[in-house]
Amino acid sequence: MDEPTPATETPKSSRTSTLLPFHVPAALGINFGQGKHVCPVGEAVAMKHLARPVAWRVSPHPTCRRALSTTLQASRGPPRKQSQHSSKPVPHKEPASTRDGSKTVAKLAARSRADSVSQGHDPKSRLRLDFTKKYTGRHGVFRSTVLHRLQLVLTQLASSQFSAAGIGEDELNRQAALFMNALDHAFSLAEQNVTRRDKNPLFWNLRDAFIIKDIKGLTKEIQYSFQSFVVRQRFSKELEDSQRRLLDFRFPHEWFPATRTMQRTIHVHVGPTNSGKTYNALKALENSKCGVYAGPLRLLATEVYQRLRAKGRPCALITGEEVRIPEDTDQYFSSCTVEMVPLNTRFDVAVIDEIQMIADPERGNAWTTALLGVQAKEVHLCGEDRAVTLIQALCASIGDKCVVHRYDRLSPLKTMDTAIEGDYNKLQRGDAIVAFSRLSLHVLKRNVETRTGRRCAIIYGSLPPEVRVQQAALFNDPDNDYDFIVASDAIGMGLNLEIRRVILESVTKFDGNQNRLLTYPEIKQIGGRAGRYRTAQSAAKEGSALAEEAELEKVGYVTTMDHTDLRNVHRAFQKKVDDIEAACIQPPAGIVERFASYFPPDTPLSFILMRIKAAATVGTRYRLNIGSDILEIADIIQDLPLTIYDRLTFCYLPVALRAEGAVDVLRALARVVAENAAGDLLSIKEIPLEFLDMNLQDYAGGAQDYLYKLESLHVAINQYVWLSYRYAGMFRSQALAFHVRSLVEEKLIETLERLDFTEEQLENKRKSKRLQAQSRKMSMEQMGEGEAEEQEQEHDDPPLTDWPEKDERGRRESAQAASSRSS
């Protein structure tokens, strides 16, 4: 049978009586337009599925919407006139036979609920019954939370602008009642330990969303799961088969046919930090004629770029926000962030760093794409030993040769039994204090220099590359008074710093949604950077007499600022971490575009992406993930006339939606593309360039609020630069944007250094973060979902602060903006 034509591609000549394969209520935010739906009542298909809502070619008017009901009344039970007790609950009696008594009762209860709904009873009674019920079992608390969030989702759908043009409240509640039956079944399977994605997809998706993105992610997942449920079984069998073939993601390596023509050798370099694995991989890169390095951070890509250039190798730097191409040659190396690896260029050697990030839900797809798609004869992967089993399985599936190189740590590492406890006099030369917000880093730098009388270097991602190199050199040089360094967790990714001891300012991290405890791999990776103090280079400078002392000082130490956090550090270094089981993937843009053609043009991209996630067939070694930020951005720009490709491009735009004015800036940038307008920087009024004219002394809102305004401008400028590389003909003020960004960075650094925080305030902040992280962990354990570990997330820039209240302000702003657009 020929593959059916998607609904949106029906030839005009056949549209005299257009029939879409299904009807989706507009209350779900999927607008199929008016006057485009016809129900062929006489067909056998319609008789077979009487319970399905249909829509006639009629434009309903507000005054007669109830008269022109779009829902056929259907009953699965006996006719209403034959039922003498249709308005009363049906009593359930114990069957005479007790052999299958419990199963029979459960079936009768489910059938009674379904019959009650279909016979016209109040669907809300089903919702009220389950909402007030106290559930027991391992997932009882989680189940109650899901039902509560479902109530909120239904309230939002019922009060949205879409319900006025779609199904009524009764139909919405009827669908909700049936959806709750599906939830009953999903949680029943979960209580029997059936939680695999292929066996219990609804529970798996809800649980996965809650673990990764907490309540916010769970609410989004419930919304999209309910939307998908309403359109269940509304496609024809032929269209379902066509979609199933399109969404066969079992073999992602087939997305790169040019790479599959090559016979590659995959070298896997694994071992603890400071074991020399990355050094050996980079040596192979340097000895090749043409190669590429792919790292997780701009900071690392810049370091390799400078290293290759220092050795006389022409090299390009390619990141999302900066591109430097050699002008005097066509043959050069490339140093990239992993998302920017050129997949259409052939190399002799490729180095992909931190391969364990292949399992990260947000960015793991970039590592999977680089591994499967890079066209290199030799591919060197560097990372942790827990990734080996997965890499070997992937290589076997695509026919590449896999060679594993294991390394031991070059210097011993010890965890200390004492903490700093806020006593800066305990600091020793070569100490590195690691913090997770820029505010904390600058406050720590000032406190260290004030209390010790010695200098302290500082490194984090958004510092200009030249400043980062200068700060690292000052710290590594033993002949000056820069004895300490404060740095973000980016140092865990392999920056070349001669650190004697790592001091964790906190073991909690604000990941953009909430404060969470660091994972054990994160603690081990950050702490493992200790032990490079007085390396061979510095020992040679001081003469052979100090060589023995230098060897002794290579022992690395790990401790914390507060004694309370030491227990987590000890556990991290004692516990064996489980192997990575799956690589994360995301649907390619071409497949998303084709799948979208099965839906009307105004169907929200977020719904399409979630339908792909729910319907796709994924291999056991892969995991399909759609980031929550992607869905949120898609909803923010949904009303703008953009192509699917352009929408997806904006979905991957680096954003900080919690920043002040972030939603307005995002929409303004998307409007430039939608309208094919001139995107001169000075003409986009939503970008708050006026912040450059403000001084801290003259600003009445306080230093902290002033800092957030600068941060929002910095984020907006970075977005403009990112888009200027993808829409060069529209966003043409790239040079001006670079200049403005440098001015903003200078003001940010100046303001951060002038903030006055006491050690007591820092300690209170750490306690607050610790309590929030522990509270979240306890709530997850109470819900029976605490056994899954947090996922690692690495970014160049730590957040400006790690205070959720500011993030909440941004969320409220985003919600208000969306509400104003809908009204």
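Is Asp635 buried, partly exposed or exposed? Asp635 is partly exposed, with a relative accessible area of 26%. The cut-offs are these: buried is under 20% relative accessible area, exposed is over 50%, and partly exposed lies in between, with a 1.4 Å probe and protein chains only.

Some ground rules. This is a predicted model, where local features need pLDDT of at least 70 and side-chain atom pairs count only at pLDDT 80 or more, while totals for chains, interfaces and linings use all residues. Residues are numbered from 1 along each chain as its sequence is written, and side-chain values use heavy atoms, with hydrogens and water left out.

Back to Asp635. Its partner is Lys220, in a salt bridge with the closest N and O atoms 3.3 Å apart. The rule for a salt bridge is a side-chain nitrogen of Lys or Arg within 4 Å of a carboxyl oxygen of Asp or Glu. Lys220 sits in helix α6 (residues 201–230) and Asp635 in helix α21 (residues 628–636), so the pair ties together parts 415 residues apart in sequence. Helices here are DSSP runs of H or I, at least four residues, numbered from the N terminus. Lys220 is partly exposed, at 24%.

The salt-bridge count comes to 30. Take Asp680 and Arg732: their side chains meet at 3.5 Å, N to O. Asp680 lies in the loop between α23 (662–674) and α24, and Arg732 in the loop between α24 and α25 (734–754), so this pair ties together parts 52 residues apart in sequence. Asp680 has a relative accessible area of 30%, partly exposed. Salt bridges with shared partners also join Lys283, Glu286, Arg307 and Lys311 into one network.

Now the inside. What is a nonpolar core? A set of buried Ala, Val, Leu, Ile, Met, Phe, Trp, Tyr and Cys residues joined through side-chain atoms within 4.5 Å. The largest has 128 residues, and Phe249, Leu381, Ile391, Phe650, Ile687, Ile717 and Phe731 touch the most other members. Helix α24 (residues 703–724) gives this core its largest share, ten residues. A second, separate core holds 44 residues, including Leu297, Val351, Leu518 and Val569.

Look at Phe249. Leaving out residues up to four places away in sequence, its contacts include Trp255, Ile585, Pro587 and Leu624. Contact means heavy atoms within 4.5 Å.

Last stop, helix α15 (residues 520–527). Why is α15 largely enclosed by the rest of the structure? Because seven of its eight residues are buried. Among them are Tyr520, Glu522 and Gln525.

How values were computed: Helices (H or I, at least four residues) and strands (E, at least two) are DSSP runs, numbered from the N terminus.
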